[in-house]
Amino acid sequence: MNLAPAYITGMRPQDILMPVAAGLCCKPGGFHIDPVRPVERAVITHGHSDHARPGHGAVLATPETLDMMRLRYGDDFAGATQAIAYGEQIKLGDVTIKFHPAGHVLGSAQIAVSCKDTCVVASGDYKNAPDPTCAPFEVVPCDVFITEATFGLPVFRHGNAADEIKKLLASVALFPERAHLVGAYSLGKAQRVIALLRAAGYDAPIYLHGAMEKITRYYESRGVALGDLRPARGMKKADLAGTITLAPPTATSDIWTRRFPDPVTAFASGWMRVRARARQRGVELPLVISDHADWDGLTATIDATGAGEIWVTHGQEDALVHWCTAKGLAARPLDLVGYGDEDEGEALAEDAEA
Ligand SMILES: [Zn+2]
């Protein structure tokens, strides 16, 4: 890590990465990270639609992220593509970049950008909680750490996801005549919920809404074992009693649910910690399962990076900036627009795919 003041190294972090309207711009490297509008060269952290958009001249990302973009947008989603593995290092212009696992979804990466002696890490979305469906988050020592703040308030403590799965299984046991519909985003959350169910010993078939099939089969093709999965479509209503079906959150509140016998509506999201959100969505069984770090995860990660400067983006920036400042770290919010929270980021794409 670089402890020398900027006037000695001659490189200020804001000369390496700078927030602009299109996203985080690396001028010396000639690229943008997760740009929200089409750019010549994009470096992308993960496949969620608010970070991975079509129409760039060139895209550099992990093979999984490239595949997910291909699945979602078609083969011509970018002019050119280049895959980079975790731990691999590439020189772009005057900077060196290296990808590290972010623990958020399959293929998700933090991007370390180094120039001269200064290293800035753009972590994208991340979580430090265990997830059997993706590589675990890796702490990357750096000078400047760019962190998300989706759940950047002390009230957000996600707890243990396995306990939430126990709640779901208890409800299934209690209501054998009802179907259980679990709202979960189709990229990442759905596969994690399925894997957690399998880890809890649930080995019955799990049913999928049509919008989840492609991406879930893709996870399986990458070696993530998810057990017996079946399409919900074509099933007789009575045969869905006592079963679990995964569906995009938008589908759990529409007429699609009429094909299920007296469904119990569940929703797997970090926002389910907020009771009003669950009520508002008509969720009977809220499951606090998030693919983002909670308050303890964010603050522990910031500590672990050893970074002296923290840039806080998408979410509840203020409390985290305040926490950093009180610890004597330089911290500031980044005014990046176009990134949704855990609910909104995926909603658009799911509507398009459903
Ligand atoms: Zn994401």
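# Structure briefing: sheet, hairpins and helix packing

Leaving out neighbours up to four places away in sequence, Ala122 is in contact with Leu24, Ile33, Gln110, Ile111 and Ile146. This is a predicted model. Ala122 sits in strand β10, residues 118-122. β10 belongs to an open sheet of seven strands. Two of the contacts of Ala122, Leu24 and Ile33, are bridge partners of each other.

- Ala122 has 3% relative accessibility, under the 20% cut-off, so it counts as buried.
- Gln316 is 194 residues away from Ala122 along the chain, and the two C-alpha atoms are separated by 17 Å.

**The seven-stranded sheet**

- The strand order is β7-β8-β9-β10-β11-β18-β19. The sheet is open and its pairing is mixed.
- β7 (89-92) and β19 (330-333) are the edge strands, and each pairs on one side only.
- On average, neighbouring strands of this sheet are turned by 20° against each other, direction ignored.
- Strands of a sheet pair through backbone hydrogen bonds, in either a parallel or an antiparallel sense.
- β11 (residues 144-149) and β18 (residues 309-315) pair in the parallel sense, over six bridges.
- Within this pair, Val144 has Glu309 of β18 as its bridge partner.

**Helices on the sheet**

- Helix α8 spans residues 295-305 and packs on the sheet, where it touches β11 and β18.
- The direction of α8 makes about 175° with that of β11.
- Helix α9, residues 317-326, lies across β11, β18 and β19. α9 runs at about 165° to β18.

- Strands β1 (residues 18-20) and β2 (residues 23-26) pair in the antiparallel sense over three bridges.
- Two residues link β1 to β2 in a hairpin.
- Pro19 has Leu24 in β2 as its bridge partner.
- β2 also pairs with β3 (residues 31-33), in the antiparallel sense and over three bridges.
- Here Leu24 has Ile33 of β3 as its bridge partner.
- β2 and β3 form a hairpin as well, with four residues between them. Gly30, in that turn, has a positive phi of about 70°.

**Helix α5 against helix α6**

- α5 (residues 189-199) and α6 (residues 210-221) pack at an angle of about 60°, with their axes 10 Å apart.
- That angle makes α5 oblique to α6.
- From α5, the contact involves Ala190, Gln191 and Ile194. From α6, it involves Met212, Ile215, Thr216 and Tyr219.
- The crossing of α5 and α6 is right-handed.

**His180**

- His180 lies in strand β12, residues 180-183.
- Its relative accessibility is 1%, so His180 counts as buried.
- The side chain of His180 makes a polar contact with the side chain of Ser171, at 2.6 Å.
- Not counting residues up to four places away in sequence, His180 touches Leu168, Ser171, Val172, Phe175, Thr243, Ile244, Thr245, Val264 and Leu285.

**Helix α3**

- α3 covers residues 63-73. Its buried residues include Glu64, Thr65 and Arg72.
- Leu66, Met68 and Met69 of α3 are buried too.

- Asp34 is not a glycine, yet it has a positive phi of about 45°.
- Asp34 is in the loop between β3 and β4 (41-43).
- At 3% relative accessibility, Asp34 counts as buried because the cut-off is 20%.
- Lys116 is not a glycine either, and it has a positive phi of about 50°.
- Lys116 is in the loop between β9 (109-115) and β10.
- At 62% relative accessibility, Lys116 counts as exposed because it is over the 50% cut-off.

Definitions and conventions. Residues numbered from 1 in each chain as written. Predicted model: local features only at pLDDT ≥ 70, side-chain atom pairs only at ≥ 80, totals over all residues. Heavy atoms only, no water. Pairing = 2+ DSSP bridges. Buried < 20%, exposed > 50% of the residue type's maximum accessible area, 1.4 Å probe, protein only. Polar contact = N/O pair within 3.5 Å; in protein donor to acceptor, adjacent residues only side chain to side chain. Contact = heavy atoms within 4.5 Å. Axes fitted to C-alpha atoms, helices over the stretch in contact; angles between N-to-C directions. Parallel < 35°, antiparallel > 145°, perpendicular 65-115°, else oblique. Left-handed = near helix turned anticlockwise from the far one by under 90°.
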